[in-house]
Amino acid sequence: HPDSTAMSFRVRQLSMLATPLEAPDVVVRNMEGDVRITDDTVTLRGVGLTLPQSRIKGALTYHVSAADVELNLKSDTLTFADIPAVYPELPERGGGRLDLKATIRDTATSEYAFTNARLAVGDSRVAGRLGMAVNPHMLELRETDLRFTRFTTELVEALVPGLRVRIPGSFTGRAKLAGPSEALSADVSGTYDPTRHAPFQFTVS
């Protein structure tokens, strides 16, 4: 039987230094949940994670042979500095709350769906949904609908490697985005406040 070697158990308290794939380490102060291990998968259900400054609940599946990770997580208390393994370009400061469904692949395109987000980095704030597919050669946005408050171009450039915004400043408004970075479909409206010029309102669709 394919599951004849499966092993299941309940973790009630565990601390560790986790190194998923080749990503940065994740410091886990405590983990609890149901674990099931088969020849090719490690599955965690009903998981509660306590990181240095974050609290996360949900499920995780690790596919051993492919070295892929599937995540279905929710956090009402999230600090970016705790989770560089999820998306290495996240800033070290800031955080908030969000739900995340993701498939993080070792050698192929990783897919992320961030929903119910309310996040802040300094004075920059964003709320809504962000979907994306990422590999070392491309970034594609999917079903993205975000509301921004004083969101700076410096932060955008940090989050999207290789992107350079010609007129630095900050944006307050709403953006619906879809498609690859080189052929992006955008429905954007709001106020842009350039660093060296007067603010102005605009709409792009």
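## Overall composition

Of the 205 residues in the protein, 37% are buried, where buried means under 20% relative accessible area, exposed means over 50%, and partly exposed lies in between (1.4 Å probe, protein chains only). This is a predicted model, in which local features need pLDDT of at least 70 and side-chain atom pairs count only at pLDDT 80 or more, while totals for chains, interfaces and linings use all residues. Residues are numbered from 1 along each chain as its sequence is written, and side-chain values use heavy atoms, with hydrogens and water left out.

The secondary structure consists of 1 helix and 14 strands, taken as DSSP runs numbered from the N terminus (helices H or I, at least four residues; strands E, at least two). Along the principal axes, the C-alpha atoms occupy a box of roughly 65 × 30 × 25 Å. Where contacts (heavy atoms within 4.5 Å) are made between residues at least 6 apart in sequence, 35% of them join residues at least 24 apart.

## Surface and charge

The protein exposes about 12200 Å², of which carbon and sulfur atoms supply 52%; accessible areas come from the Shrake-Rupley method with a 1.4 Å probe, and for residues only the protein chains shown count as cover.

There are 23 positive and 25 negative side chains, and the centres of these two sets lie 8 Å apart. Lys and Arg count as positive and Asp and Glu as negative, whereas His and the chain ends are not counted, and each charge is placed at NZ of Lys, CZ of Arg, CG of Asp or CD of Glu.

The whole structure contains 8 salt bridges, each defined as a side-chain nitrogen of Lys or Arg within 4 Å of a carboxyl oxygen of Asp or Glu. One of them joins the side chains of Arg-97 and Asp-76, at 3.3 Å from N to O. This pair links distant parts of the chain, with Arg-97 in strand E8 (residues 95-104) and Asp-76 in strand E7 (residues 68-79), 21 residues apart. Arg-97 is partly exposed, with a relative accessible area of 31%, while Asp-76 counts as exposed at 59%.

## A network of four side chains

Arg-105, Glu-111, Glu-140 and Arg-142 are linked in a network of salt bridges. Within it, Glu-111 meets Arg-105 at 3.1 Å, N to O, and Glu-140 meets Arg-142 at 3.8 Å, N to O.

Glu-111 is partly exposed at 29% relative accessibility, and Arg-105 is partly exposed at 26%. Glu-140, at 24%, counts as partly exposed, as does Arg-142, at 33%.
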